[in-house]
Amino acid sequence: GLFPFGGCYLRKFSPTGTPRYYWGRIDKEEDLIAQVYGRRLVVNFCDAPGDLAIDGRVNTTAKDYAEMHEVAHAITTHLIDRYGTATLDFVWSIGNEPDLGALFWRTTWEEFQRFYDYTADGILRAFEDKGMDSSRVRVGGLESDLHALPAMEFHADTSELFRMLKKGHHGAPCPLTLPPKT
């Protein structure tokens, strides 16, 4: 097949060092959501793509943040080209429950914040590069607070959900506040 076993990879390097994106699968799935069912897309950058992940596995951060920025920018630009101004109303999200530690995120909270910052900037710059008003774009993380926050005013530590989890959730401490395992 086109992609390695166990991954649904969107890009490969062909020739070596040159990213090549394979939009077929993502276009098919998102067209089904947006055009057939008339729904707004929820675009989630939950972790670094396999070839960009620090260890080649899921649920982790990027080994090269500039490259992660470019991936987020390329995906967002592709969606803007495909769906136009409707993308301003899409839900843009970064992360998938990093508060649950190793289930969805395998590095530190600081690394998650860096991942968030570079990815969010890639998303917003894609809108700006297309001449669109990026202040209309809502980029969230820790998904439950997305609806309440003005565009570009989100930082993970401002999240009511994160503050609650940092104190402990149902008596369990937030894994991101625990000291690293040695």
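A residue is called buried when its relative accessible area is under 20%, exposed when it is over 50%, and partly exposed in between (1.4 Å probe, protein chains only). Helices (H or I, at least four residues) and strands (E, at least two) are DSSP runs, numbered from the N terminus.

This is a predicted model: local features need pLDDT of at least 70, side-chain atom pairs count only at pLDDT 80 or more, and totals for chains, interfaces and linings use all residues. Residues are numbered from 1 along each chain as its sequence is written, and side-chain values use heavy atoms, with hydrogens and water left out.

Start with helix α1, residues 24-36. Its buried residues are Ile26, Asp27, Glu30, Asp31 and Ala34. They pack against α2; contact here means heavy atoms within 4.5 Å. Helix α1 is also bent, by about 30° at Glu30. That bend is the angle between axes fitted to the seven residues ending there and the seven starting there. Just after α1 comes Gly38, with a positive phi of about 65°.

Next, look at strand β3, residues 42-45. Val43 and Phe45 form its covered face, while Val42 and Asn44 form the uncovered one. Why two faces? In a regular strand the side chains alternate between the two faces of the sheet.

Which strand does β3 pair with? β3 pairs with β4 (residues 91-94), in the parallel sense, over 4 bridges. Two strands count as paired if DSSP finds at least two bridges between them. Within this pair, Phe45 stands opposite Ile94 of β4.

Now turn to β4 itself. Val91 and Ser93 point one way, Trp92 and Ile94 point the other way, and all are buried. β4 also runs parallel to strand β5 (residues 139-141), joined by 3 bridges. Here Trp92 stands opposite Val139 of β5.

Finally, return to helix α2, residues 65-83, which holds Glu70. Is Glu70 buried or partly exposed? Glu70 is partly exposed, with a relative accessible area of 42%. Its C-alpha atom is separated by 10.0 Å from that of Arg125, 55 residues apart along the chain.
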